[in-house]
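This briefing covers one chain of a complex and the side it turns to its partner. Please look over the sequence and the structure first.

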Amino acid sequence: MGTNVGLAPMVDSTISVITNDGRVIVGILRGYDQATNLILDECHERVYSSKTGVEQVVLGGLHIVRGDNIAVVGEVDDEIDQGLNLSATRAAPLSPVQH
Amino acid sequence: MLFYSYFKTLVGKQVTVELKNDLAITGTLHSVDQYLNIKLNNVHVVNEQKYPHMMSVRNCFIRGSVVRYVQLPPGSVDVELLHDATRREARG
């Protein structure tokens, strides 16, 4: 008990990754390893701004995100996500991680 | 290994994890691993007005390397026990 911390249950579902530089990347998790390196499919970045709504930048293709650069991996609840009004969401971008 | 074992005893409890990017996430501790990566269920972000970036996230994985603090439920720390255990560990 308590040891199953892996990302296995998230494979093939939509996840939202917060990187150490404060970016938010949404994509489908295709694979991962023990260093939290991730393989992401169909990614886009959500760029937050306090002046305009959230801008979605399509990154497309398959990306590998290096584990060192990852802060949080969140499982996206599609139902809630579709209900969000991103164009009306105003927020400053997240601060970068400072070790 | 000591704190790994200790965090395992907290599984199921409500904790707040403060990250090194000042984000604070509250949720039920689901699991922890050897790197002190933490998985939380039913999360919400403290100060959601300022940080709406995780609004559609209910369950999340937090990389151990970005954790600044873990706020524990009061009464869940047996200070004496942890004290003794850390001393024993330090002695080797």
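Which residue of chain A stands opposite Phe61(B) in β4(B)? Val73(A) stands opposite Phe61(B). The model is predicted: local features need pLDDT of at least 70, side-chain atom pairs count only at pLDDT 80 or more, and totals for chains, interfaces and linings use all residues. Residues are numbered from 1 along each chain as its sequence is written, and chains are lettered from A and ligands numbered from 1 in the order in which they are written.

**Contact with chain A**
- In chain B, 27 residues are in contact with 32 residues of chain A (C-beta atoms, placed from the backbone, within 7 Å).
- β4(B) gives the most to this side of chain B, with 6 residues.
- By class, the side has 13 nonpolar, 6 polar and 8 charged residues (nonpolar: Ala, Val, Leu, Ile, Met, Phe, Trp, Tyr, Cys and Pro; charged: Asp, Glu, Lys and Arg; polar: the others, Gly among them).
- Strand β6 (residues 70–76) of chain A and β4(B) run antiparallel and are joined by 5 bridges.

**Chain B overall**
- Chain B has 2 helices and 5 strands (DSSP runs, numbered from the N terminus: H or I of at least four residues for helices, E of at least two for strands).
- From the N terminus on, the order is α-β-β-β-β-β-α.

**Helix α2(B)**
- Helix α2 (residues 79–91) of chain B has 13 residues and reaches 18 Å from its first C-alpha to its last.
- Gly92(B), with a positive phi near 90°, follows α2(B).

Conventions. Expected span 1.5 Å × (residues − 1). Contact = placed C-beta atoms within 7 Å. Pairing = 2+ DSSP bridges.
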